[in-house]
Amino acid sequence: MRRLAPSASIGIRRSVARARHLPPDVVDRLSRDPDSHVSYNLASCCEGAPAELLLEVALRRDGGFLALDHPNFPRHTLLRFADDPDPLRRRLALASPESTPGLAERLADDPDERVRARAAADPRLSPATVLRLLDSTPRTRRAALGNPQLPVPALVRLLRDADTAEDAAANPAIPTSVVRQLAELCCAAESPTGWVSRP
């Protein structure tokens, strides 16, 4: 890896950056690579990716929420972005361990759709706010459909609607009895006779 990391070939450097374990000196070299794919691969795959690089990748337009799950990600620094003029920074504030339900509620009304969508998925929102966000833009509505604070009666109704069923089906708050009914309906639709065996 030490021999390959300084390669003139971008493809080779990108491949090296995808390794899960790299020596610290190789991580340091690759984290300063001018190619954005090298740093993205390093942040996405390498356990030793530095905090500064993870934050830099998270602040890029080409993605970065992947980096939020990394154990080295500097979550404790994110609250400072809550009032940042840049919406890509504001949406990161919700990942801070110091963020509050109040901040989630406030960002649910943010003028930027990306920030609203990030807030719409936050489980600290009130059920009333989640319901209200269902009438927002498609991106925000999809995020709200997956929020576990969505009241069960509304969730069941949305599961019956062809326009919202797929996104609503990913909601972790779906009652077990409803999941069983959905599975039975699916089996009945796939069975040539329409007959469903019950355990």
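**Reading the predicted model**

Reply: Alanine 120 is buried, with a relative accessible area of 0%. This is a predicted model, and alanine 120 has its place in helix H7, which covers residues 113–120.

Me: Which residues is alanine 120 in contact with, leaving aside its neighbours within four places in sequence?
Reply: Alanine 120 counts as buried because its relative accessible area is 0%, and buried means under 20%. Leucine 92 is 28 residues apart from alanine 120 along the chain, and the two C-alpha atoms are separated by 13 Å. Leaving aside neighbours within four places in sequence, the contacts of alanine 120 are Leu125, Leu133, Thr140, Ala143, Ala144 and Asn147.

Me: What average pLDDT does the protein have?
Reply: Of the residues, 91% score at least 70. Over residues 195–199, however, the pLDDT is below 50, and this stretch has 4 contacts in the model beyond near neighbours in sequence. Where pLDDT is low, the predicted coordinates should not be read in detail. For the protein, the average pLDDT is 90.

Me: How many helices does the protein have?
Reply: Read from the N terminus on, the elements run α-α-α-α-α-α-α-α-α-α-α-α. The count of strands is 0, and the count of helices is 12.

Me: What share of the 199 residues is buried?
Reply: The accessible surface of the protein comes to about 11100 Å², and carbon and sulfur atoms account for 54% of that surface. Taking buried to mean under 20% relative accessible area, the buried share of the 199 residues is 41%.

Me: Which residue meets the side chain of arginine 2 in a salt bridge?
Reply: Side chains of opposite charge can pair when their charged atoms come close. The salt bridge of arginine 2 has an N to O distance of 2.8 Å, and its partner is aspartate 25. The pair links distant parts of the chain, with arginine 2 in the segment before H1 and its partner 23 residues apart in helix H2.

Me: Is arginine 60 buried or exposed?
Reply: The structure holds 12 salt bridges, and one of them joins the side chains of glutamate 56 and arginine 60 at 2.8 Å, N to O. Glutamate 56, at 41% relative accessibility, counts as partly exposed. Arginine 60 has 18% relative accessibility and therefore counts as buried.

Me: What relative accessibility does aspartate 122 have?
Reply: The side chains of aspartate 122 and arginine 124 meet in a salt bridge of 2.7 Å, N to O. Arginine 124 is partly exposed, with a relative accessible area of 29%. Aspartate 122, in contrast, counts as buried because its relative accessibility is 5%.

Me: Which residues does asparagine 41 touch, not counting residues up to four places away in sequence?
Reply: Asparagine 41 lies in helix H3, residues 36–45, and is buried because its relative accessible area is 11%. Not counting residues up to four places away in sequence, asparagine 41 touches Arg14, Ala17, Arg18 and Cys46.

Me: Which residues does arginine 29 touch, with the same exclusion of residues up to four places away in sequence?
Reply: Arginine 29 sits in helix H2, residues 24–31, and counts as partly exposed because its relative accessibility is 43%. Its C-alpha atom is separated by 33 Å from that of arginine 114, 85 residues apart along the chain. Not counting residues up to four places away in sequence, arginine 29 touches Ala5 and Pro6.

Me: Which residues make the nonpolar surface patch of about 250 Å²?
Reply: Leucine 4, found in the segment before helix H1 (10–17), counts as partly exposed because its relative accessibility is 42%. The nonpolar surface patch of about 250 Å² is made by Met1, Leu4 and Ile12.

Key:
Residues are numbered from 1 along each chain as its sequence is written. This is a predicted model: local features need pLDDT of at least 70, side-chain atom pairs count only at pLDDT 80 or more; totals for chains, interfaces and linings use all residues. Side-chain values use heavy atoms; hydrogens and water are left out. pLDDT is the predictor's confidence in each residue, from 0 to 100. Contact means heavy atoms within 4.5 Å. Patches are made of residues with over 30% relative accessible area and no salt bridge: like charges are joined within 9 Å, nonpolar side chains (Val, Leu, Ile, Met, Phe, Trp, Tyr) within 5 Å. Accessible areas come from the Shrake-Rupley method with a 1.4 Å probe; for residues, only the protein chains shown count as cover. A salt bridge is a side-chain nitrogen of Lys or Arg within 4 Å of a carboxyl oxygen of Asp or Glu. Helices (H or I, at least four residues) and strands (E, at least two) are DSSP runs, numbered from the N terminus. Buried means under 20% relative accessible area, exposed over 50%, partly exposed in between (1.4 Å probe, protein chains only).
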